[in-house]
Amino acid sequence: MPISEPDALGRGAYGAAESLRLLNFARDPAAGHRKLSRQTLSRWLRGYDFGAGEHAGHSDPLWQPDYANDDDRIELSFRDLIELRFVKAFRDLGLALPTIRECFERAVEEVGDERPFSTRRFRTDGKTIFLDITRDVREGELVDLKRRQGVFRAVVEPSLRDLEFDADVVARWFPLGMGRRSIVIDPARAFGRPVAAEAGVPTEVLADAVAVEGSPEKVARLYEVSPAAVRDALRFEQVLAA
C-alpha cells in the first residue's frame, strides 16, 4: 500500500484496491448494494473529460482529496473513504453523478464543511440534512417525503451507526456495527487497515493465518487474541473478497 504523504499515519492511506474492497463491503449483501468500479471511483475523485469538439466538457472532482491522485494512481485518506461510503449510498439509490454532485454541494453548504458526510453534524442531524439536500430529486424515486424518510432509515442511517467521532469529525469505523466492535478501521492504527480491535492485528493477517494453521483457535494462541476475534476477522475478509 503506497504512502505518499508524511502525515499518512494519522490520516490513513488506502490504495485503489483496498479502497474498493472497503467501499464495496456490506454487512447485508442482499440490501441492493452495487459494486463500485475503479473507473467510477476515479471519476468521483479526479474528475473526467467528456464529449468532443464544441460538445466537449470537463466534470470536476466531487471534492479535493487529502492526497494528490496523479498519474492514474488512487490514494485515499480515512476521511475521504468515509465520504465515499455515503456518495456510494446515493449511487446505490439510482442517482446519476450530476444529481449526486448537486446533493453533495447542498450538503457542503448545509454542514459548512467541504467533506460534510464525515462530520459529527451529519451524524447528529443526518435525517434533516438528507431531506434538505434531496428535495426535488426525481431520480431514484426520491420525490415523496415519506419515501425519502424511508430511504434515509434503510440506507443512510445504518452507515452512520457504525461510526465513532472525536471532536467534529469521524475517527473510527466499526464495519461489523457498534454492537460487535471486534473489528475496527482507525487511521491511527496500522495506517487505517482493518484490524482486530483488541490487539491491532490486521484482519487480513489473521484470515491468512487461519488458512495456514487450520483453525481460529490456533491463530488466536499464536497472535494472543480471542478466538471470537479471529472468527470475526475471517468472516469479514470473506465478505470483502466476495
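These legends walk through several close-up views of one predicted model. In this predicted model, local features need pLDDT of at least 70 and side-chain atom pairs count only at pLDDT 80 or more, while totals for chains, interfaces and linings use all residues. Residues are numbered from 1 along each chain as its sequence is written, and side-chain values use heavy atoms, with hydrogens and water left out.

**View 1. Phenylalanine 86 and phenylalanine 122 form an edge-to-face pair.** A pair of aromatic rings is described by the distance of the centres and the angle of the planes. Here rings of Phe, Tyr and Trp (its six-membered ring) pair if their centres lie within 6.5 Å; planes under 30 degrees apart count as stacked, over 60 as edge-to-face and the rest as tilted. Searching the whole structure turns up nine aromatic pairs. In the pair shown, the ring centres of phenylalanine 86 and phenylalanine 122 are 5.6 Å apart and the planes are at 85°, so this one is edge-to-face. Phenylalanine 86 belongs to helix 4 (residues 78-92) and phenylalanine 122 to helix 6, so the pair ties together parts that are 36 residues apart in sequence. Helices (H or I, at least four residues) and strands (E, at least two) are DSSP runs, numbered from the N terminus. Both phenylalanine 86 and phenylalanine 122 are buried; buried means under 20% relative accessible area, exposed over 50%, and partly exposed in between (1.4 Å probe, protein chains only).

**View 2. Leucine 160 touches Phe86 and Phe122, among others.** Leucine 160 sits in helix 7 and is buried, with a relative accessible area of 3%. Leaving aside residues up to four places away in sequence, leucine 160 touches Phe86, Phe122, Arg123 and Phe152, where contact means heavy atoms within 4.5 Å. Leucine 160 and phenylalanine 86 are 74 residues apart along the chain, yet 9.3 Å separates their C-alpha atoms.

**View 3. Two arginines sit over aromatic rings.** A charge sits over a ring if NZ of Lys or CZ of Arg is within 6 Å of the ring centre and within 35 degrees of the ring normal. Arginine 85 lies over the face of tryptophan 173, 4.2 Å from the ring centre. Over the ring of phenylalanine 174 you'll find the charged end of arginine 181, at 4.2 Å from the centre.

**View 4. Helix 8 crosses helix 10.** The axes of helix 8 (residues 203-213) and helix 10 (residues 227-241) come within 8 Å and cross at roughly 100°. Helix 8 and helix 10 are therefore roughly perpendicular to each other (65 to 115 degrees). On the helix 8 side, Thr203, Glu204, Leu206, Ala207 and Val210 meet Val230, Ala233, Leu234, Phe236 and Glu237 of helix 10.

**View 5. Aspartate 136 and alanine 167 each have a positive phi.** Aspartate 136 is not a glycine, yet its phi is positive, at about 65°. Look for aspartate 136 in the loop between helix 6 (120-133) and helix 7 (145-161). With 63% relative accessibility, aspartate 136 counts as exposed. Alanine 167, not a glycine either, has a positive phi of about 55°. Its loop runs between strand 5 (163-166) and strand 6 (169-173), and at 60% relative accessibility alanine 167 counts as exposed.

Terms used:
Axes are lines fitted to C-alpha atoms, for helices over the stretch in contact, and angles run from 0 to 180 degrees between N-to-C directions. Angles under 35 degrees count as roughly parallel, over 145 as roughly antiparallel, 65 to 115 as roughly perpendicular and the rest as oblique.
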